[in-house]
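Colleague: Could you walk me through a few details of this one? I'm still new to reading structures.

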Amino acid sequence: MRNKTTMHIVLLILFCALHAASNDTWIWLEEVDGTKALAWVNEQNQRTAAELKTKPEFEPLYKQALETLNSSSRIPSVAQRGKWLYNFWKDAEHPRGVYRRTTIEEFRKAEPRWETVLDMDLLSEKEEKQWVFHGMDCLEPDYDRCLVSLAPGGSDASEIREFDMAKLNFVTEGFFLPVSKSSASWMDGNTLFVGPDTGGDSVTESGYPRSAKIWLRGTSLTSAQTIYEGKVASVSSRAYRIRTDAGNIDLVTERPSFWTEIHFQLVDGKLQKLTLPETAVVEGGFHGKLVISLKEDWTSGNKKFIEGSVIVADPEALRGGNGVIELLAAPTATEMIEKVVPAKSAILIETIHNVRGRLYQYTYTEGAPARNGIPFPENGAIDISSVDDITGDFFVQFQSFITPPTLYYVEARDLKPQKMKAQDATFDGSKFDVNQYWATSHDGTKVPYFIVMKKGTRLNGKNPTHIFSYGGFRNSLTPSYSGSYEQLSGAYGKLWLVRGGVFVLANIRGGGEFGPAWHKSALRENRVKSFEDFEAIVRDLFARKITSPKHLGIEGRSNGGLLVMALLTRHPELYGAVICGSPLVDMLRYHKMLAGASWVAEFGNPEVPGDLKFLETYSPYQLLKKGQKYPPVFFYASTRDDRVHPGHARKTVARMLELGYSDTLFYENTEGGHGASSTNEQLAYRLALAYAHLWQRLK
């Protein structure tokens, strides 16, 4: 009887899913390159341009955005490999970017000389493709051979080619993988660990590699040795080598879900499972040991480690043999571990203290880890950008809402930050106040937010206010000169703050600002808590008379796009305008669209009855209806986004227009991937549209 009941439930779910899809009159917009769909996109792009480009705000906004994004004073983000510092740089002369290098001695100069490694504009012109640079993986310790990832139009799917760093050209007959979401990393100079997409069931339901293989130079990919094959229902599988001065550690992992991993070590050609909790994250290696972040409480032998801790473990001990597992660092009630970077001489750890960055160096000998603080200003964000594999010296970038990005060089021997480069100020930060306030959410949880506004701003409820938030996937939003997590080099200051706007960054649950628990508290059926947190902040702003509904604009991208559309359907009366970028909106079909299946651990599975029940309570696409006082929404997306399907935004715009919301606007870039832009010109255009939308609606 139980089996029959279960079968009836499964059939009912499948019927409901098929019925919902068949009743979706806009499902044809999910055809990414469909002729009819692209004609609709072109029509909407023209309508949006006619509406926003004609506004007096647009041209100065576009000009200021482009000047800021192309500024020669921007901080080069550098990667140290041997004697060279590498950097990827975009400007007016190189809209698609140039990968370049210099020495640290040269970099110390005000105007360093750079040597071009790979010019993406020349490559795109030569090959007649809109290539976007997605990085180089170079073989230690000589870094003479690299794997270059090139994405057509900025998609996640990339072509992988071997590159000769001495000759500065691609290797003829070298390693090559066609455009796909395949993975590849160096095992040694003639061998790769590879996770290939060869079609069929070689990829998971999420579209990522299912197997891990060893591929020898000079042989065909089809002859590569399979060392592991995961389940089709898992997210992905991969293999990689961790290099330390006490020996290499080869790991193979399968990700059953977005937040879990099963770890194996490849020892003498055989896989041995590591006894780690599946939520653990391997951060790297240190003197032959593994450095691991724990995302839940864990007991090993007679040692107990709390959630959010970092441990150092002998791989042999994790295989059931001899060796030690020791605590390196643990969180406190207010200070959470955000980033762990193992280096040769020490382990660097970034923490967040009440959403502000701190940095520590941990030196380690068995049984006696020592922590050394590295002095940086308190009210900003810290990011370790690169570490020298030999000396342990490293680069750190610091910034805040009103402090431009500044690059420091820190020598491991004395830990004294040396200021190397600083971006010119985009706006006068001394004219603005930055404060952190706390709102009380529906369930009593205290939720922080930052607010940036001109000194002396009148608290009369009439200030145009722009809130940015995300609330998912353990992503922490910290003080940034860009306002959001997007690298905008202070453009928000020119386009919003100096014009009289107020900016708010909301640190709602679902992010990682207060450790794994802050994230887990808004997973699946508890997603509503991130919505309630945001609404509590909005009402706190109203109570402080900083703004009011008709002057309040909200913005979210990707998961944040889901956030703002859920907020719109819950309480449209609270907002005057919405910006929704590359969003998830159809939460009853998201798992069938591109990489959506990989996120069921975050949101829930619509094909499971209990999950469907709570997803139906907030899935914005299905909840849109006539006769509501929805604020005007500006949507943007990319045709080449192969992570979050552009169909989410397309269908939602079409449905809102169908329901009579004629002030709904949409812009879809033909390239750009999930970031929705490949060049600074494309990004400046989108920013100008978005801020023109806000100024038009909120003044």
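Predicted model: local features only at pLDDT ≥ 70, side-chain atom pairs only at ≥ 80, totals over all residues.

Colleague: OK, helix α9 then: what span should its 16 residues have?

Modeller: Helix α9 covers residues 528-543 and should span 22 Å at 1.5 Å a residue, which agrees with its end C-alpha atoms being 22 Å apart. The expected span is 1.5 Å times one less than the number of residues, and helices here are DSSP runs (H or I, at least four residues), as strands are (E, at least two), numbered from the N terminus.

Colleague: Which residues of α9 are buried?

Modeller: Among them are Phe531, Phe534, Ile537, Val538 and Leu541, along with charged ones such as Glu532 and Asp533, where buried means under 20% relative accessible area, exposed over 50%, and partly exposed in between, with a 1.4 Å probe and protein chains only.

Colleague: And what covers them?

Modeller: The cover of the buried residues of α9 includes the strands β32 (432-440), β33 (446-454), β34 (465-468), β35 (502-506) and β36 (552-557), together with helix α10 (559-570).

Colleague: New topic: at what angle do α2 and α14 cross?

Modeller: The axes of α2 (residues 35-52) and α14 (residues 647-658) cross at roughly 65 degrees and come within 12 Å, where axes are lines fitted to C-alpha atoms over the stretch in contact, and angles run from 0 to 180 degrees between N-to-C directions. The two helices are therefore roughly perpendicular, a word used for 65 to 115 degrees, with under 35 counting as roughly parallel, over 145 as roughly antiparallel and the rest as oblique.

Colleague: Which residues make that contact?

Modeller: On α2 they are Ala37, Leu38, Trp40, Val41, Gln44 and Arg47, and on α14 they are Arg650, Val653, Ala654 and Leu657, with contact meaning heavy atoms within 4.5 Å.

Colleague: Where is Pro141, and what joins it to Glu140?

Modeller: Pro141 sits in the loop between β5 (131-138) and β6 (145-152), and a cis peptide bond, with omega about 0 degrees, joins Glu140 to Pro141.

Colleague: Last one: is Ser489 buried or exposed?

Modeller: Ser489 counts as buried, at 12% relative accessibility; it lies in the loop between β34 and α7 (491-495), and has a positive phi of about 55 degrees although it is not a glycine.

Terms used: Residues numbered from 1 in each chain as written. Heavy atoms only, no water.
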